[in-house]
Amino acid sequence: MIVFSTFFKLLEKNKWSIVINLVVFLGIASIAVRSGSPEDQINFKDIKLKLAVIDRDHSATSMELKNYIGELHQLTELEDDPVVFQDELYFNNVYEILIIPAGFEEGLLAGKEIPLETLEAPDAGVTTLSSIQVDQIMRFFKTYLALGLNPSEAMTKTKEIMQSNASVNIQLDNHSLEEAPNYNYYFQYLPYPMIAILVSCISLILIIYNEKDLKNRTVCASFSLKKRNFELSLANITVAVIIWIILMIFPFIIYGTDMLRSGVYGYYLLNSFSFLIVSFSISYLIGIFSNSEEAISVFSTSVSLGLCFLGGVFVPLSVMSKQVLYFSKFLPSYWYVMTNEIIGKNTELVGSDLKDVIYGILIQLCFAIAIFGISLVITKRKTQAF
Amino acid sequence: MIVKVENLVKRYKDLLALDHLNLSIEKGEIFGLLGPNGSGKSTAIGCILALLNFDKGNIEVFGKPMRPDSYDLKRKIGVVLQNVAVFNELTVYDNIDYFCGLYVKDKEERKKLVMEAIEFVGLEDFKKFYPKKLSGGLLRRLNIACGIAHKPELIILDEPTVAVDPQSRNRILEGIVDLNKKGATIIYTSHYMEEVEQICSRVAIIDKGKTIAIGTKEQLKAMIKTSETICIEVLELEEKHLENIKELPHVYKVDYDNQRLLISCTGGKHNLIRVLNYLQSKEVAFGRVYTELPTLNDVFLEITGKELRD
């Protein structure tokens, strides 16, 4: 078993790369526990903008309006001077200046259209919010005046209607608002370290073994290539399984033993193991396709990040566009994440959910078989060229 | 017969790398394969080792056809290829142990063989060194140790001294002779004729994939016209003297360049005395005088019309 044992000697030289990947992943997993899921972060809150209101009417109506805007936003008192306006806007001391023109109240009472003059800071996109708000206030206010209320009453009514909140539910998908356990996020991020570590362990060592001169020397020896490949494959599989076991131990350290009682722990293992086979096939392909450490670095970074971003590992599937999702279905990571989501939202898998999980796992295995097939074709072509 | 190559033809697309090459190597020989870069030496070795497919011909090693799966034959062969082929991630000891392990299963036996190989190439002080820490010469020695640790009967060395300092080169050449004395048959390829002359008992000169001459060094040198070259440092020499010297017995070629008179003689006795007598009689002043016996380069030059290192 000289090839097998030497594999582990070579692996030892790459130990720091593996440790770094594990540490980075553990860091990400810990952060994920603290901050919750990416979906939890989808919420809204009011913001207050720095505005200025210049009252040139000095009427009861204009004062009511100014006071109300002051309640909604952070008002800054400015001198009524165009030069001052320009400076304050330029230095972003205020984002928008609203000017209530003289004759504002009189005009409104007469049923005339008296628009407010607005000055905005350059590139201040946030002022859209205040502009919409002021526009709404003015529409309600004019409506109440037209109904015969005096300015003070009209403003009170306007405030009431502006403060009423509508209940809005954002339905992202059927399951997105259901709560998944914390360790589900660990399993969701798992594809990234799995690919990164397996590439460090398998691809980097495969290119050493497949280096032309070293391979020639092995071919010259009385050691059959079949035996060499068998020992090499055995070593690769052993390493992959060890890494999987390590990655399966970590969630116990981070989250405790809750998941053992979840009722679906076995499915987490099954899903992660099927993605291990996918990662193994990818690492193998990268290993025989590349001819230098630099090339492996480029391939592994682009493949792992590409699979993770487009497959829904880093970005939830629920926020992806239909076009991206359509493309994602051609990636094994999509099926891993989708299966993981289903597992995470159940305490017992039965019926269609169970079918979907098995379907997801089988598709991942199909991807692995296809990638292995491509690797074998490349290996055969390389041998023929030799 | 240890190795027999008959009418070997190997093509790389349109390039004819080996053109009906014939070789026969006897047991106990140090057989030199001499030729300029690109002459087909490494391709021939690749075919003998079944590393490369060939288009036509026949190769037998130890009396059996050599195929990629001839593991019984490969067990008896040690290979030191042109490029250093070792694991940069393994120590000197682990490298030799790995390559020896491809032939020898038993750990204890292997340990003994590895230590012997280390001792043989003189790397005792570098056992735990990684290849990147070794000098070019030491790295070549490691390369050799990896190829010979399993004590093969036939050792094929393909340009093992390329880019090696003179001290390491001598050590390597002495080692090869030593291996031969211990019973190994050696095939040694090189484009350094001095090395081939120094250690090889029989030599095949190849050019453009063809064997152009084969035999012992003496046999090869006997094949050419030149048997002696006389070199004399002369400050000034008139054209008429050159003509007269050329008329002397056994002289067939005279050159005068850079105050150096070169006289090629075909054989016979007293050539040097005759030339010196002539110069003295014509009162031509001369300095250092020496003679050179023909080299394999002269053989190559005379047969192909070009230098080995052209």
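Residues are numbered from 1 along each chain as its sequence is written, chains are lettered from A and ligands numbered from 1 in the order in which they are written. Because the model is predicted, local features need pLDDT of at least 70 and side-chain atom pairs count only at pLDDT 80 or more, while totals for chains, interfaces and linings use all residues.

**Stop 1: the sheet in chain B**

Strands here are DSSP runs of E with at least two residues, and helices are runs of H or I with at least four, both numbered from the N terminus. Two strands pair if DSSP finds at least two bridges between them.

Go next to strands 1 and 4 of chain B, paired antiparallel over five bridges. B:Lys4 is opposite B:Glu60 in strand 4 of chain B.

Strand 4 (residues 56–61) of chain B also pairs with strand 5 of chain B, antiparallel and over two bridges. There, B:Val61 faces B:Lys64. Two residues lie between the strands of this hairpin, and B:Phe62 takes a positive phi near 50°.

**Stop 2: the nonpolar cores**

A nonpolar core joins buried Ala, Val, Leu, Ile, Met, Phe, Trp, Tyr and Cys residues through C-beta atoms within 7 Å; buried means 20 or more other C-beta atoms within 10 Å of a residue's own, with C-beta atoms placed from the backbone. The largest core has 141 residues, and those touching the most other members include A:Leu198, B:Ile48 and B:Ile96. Helix 9 (residues 191–209) of chain A gives the largest share of this core, 14 residues. Apart from it lies another core, of 20 residues, A:Ala52 and A:Tyr95 among them.

**Stop 3: two helices in chain A**

Select helix 12 (residues 265–289) and helix 15 (residues 332–344) of chain A, which pack at about 175° with axes 10 Å apart. The two helices are therefore roughly antiparallel, a term for angles over 145 degrees.

Key. Buried ≥ 20, exposed ≤ 12 C-beta atoms within 10 Å, placed from the backbone. Axes fitted to C-alpha atoms, helices over the stretch in contact; angles between N-to-C directions. Parallel < 35°, antiparallel > 145°, perpendicular 65-115°, else oblique.
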